Amino acid sequence: MPWDSDVDVHVSADTMHFLASYYNMTIHTCRTEHAPRGKNYMLEVNPKWVNSSPEDSLNTIDARWIDMLSGVFIDITAVHRTPKKPSMMFCKDDHHYRVSAGPCKLKRVCVKEADLFPLRDSVFEDRPVKIPYNYAELLQQEYGRVSLTRTRFAG
């Protein structure tokens, strides 16, 4: 991706709880036309994922989907409801998401739930994926306007 050096995904805290409870340290084989024998991937969930504080800077990644041959991984971060502000959601990297109308006065990215849902169908590296509904605005907020036109990453 031209705007970032790695791949990150967000899942709900409920989904992360499910993954941690039933799939932590499990190995999954994916067979494709390019890998007919299959490639193995492991889901590793950080036991500290339940600590949702952004101040826990050593545990900002809640889980990883790891290619067992190359070691390449995708970071997975849980999105939590804000206990004192039910109109907000957040994740450990200090991104905040509004889930109802009203101003957002936080220092990092703030988006409306309508920017996230309903998820759109898309394709990433020839595979079907779900992406936020208003992906263009989210990318611009995080990486600037150039994120929609730049085709090479210099980082």
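Start by selecting aspartate 62 and lysine 92: both are buried, where buried stands for under 20% relative accessible area, exposed for over 50%, and partly exposed for in between (1.4 Å probe, protein chains only). You are looking at a predicted model, in which local features need pLDDT of at least 70, side-chain atom pairs count only at pLDDT 80 or more, and totals for chains, interfaces and linings use all residues. Residues are numbered from 1 along each chain as its sequence is written, and side-chain values use heavy atoms, with hydrogens and water left out.

Stay on that pair and show the side chains. Aspartate 62 and lysine 92 form a salt bridge, with 2.8 Å between the closest N and O atoms; the term requires a side-chain nitrogen of Lys or Arg within 4 Å of a carboxyl oxygen of Asp or Glu. Aspartate 62 sits in the loop between strand E3 (39–45) and strand E4 (63–67), and lysine 92 in the loop between strand E6 (85–90) and strand E7 (96–98), so the pair ties together parts that are 30 residues apart in sequence. Helices (H or I, at least four residues) and strands (E, at least two) are DSSP runs, numbered from the N terminus. The count of salt bridges comes to four.

Next, select arginine 64 and aspartate 75. Their side chains meet in a salt bridge at 2.6 Å, N to O. Arginine 64 belongs to strand E4 and aspartate 75 to strand E5 (residues 73–82), so this pair ties together parts that are eleven residues apart in sequence. Arginine 64 is partly exposed because its relative accessible area is 28%, while aspartate 75 counts as buried at 5% relative accessibility.

Now move to aspartate 121 and lysine 130, another salt bridge, whose closest N and O atoms are 2.5 Å apart. Are these residues buried or exposed? Aspartate 121 is exposed, with a relative accessible area of 62%, and lysine 130 counts as exposed at 54%.

For a stop in strand E6, pick methionine 89. At 9% relative accessibility, methionine 89 counts as buried.

Phenylalanine 18 lies in helix H1 (residues 13–22) and is partly exposed, at 42% relative accessible area.
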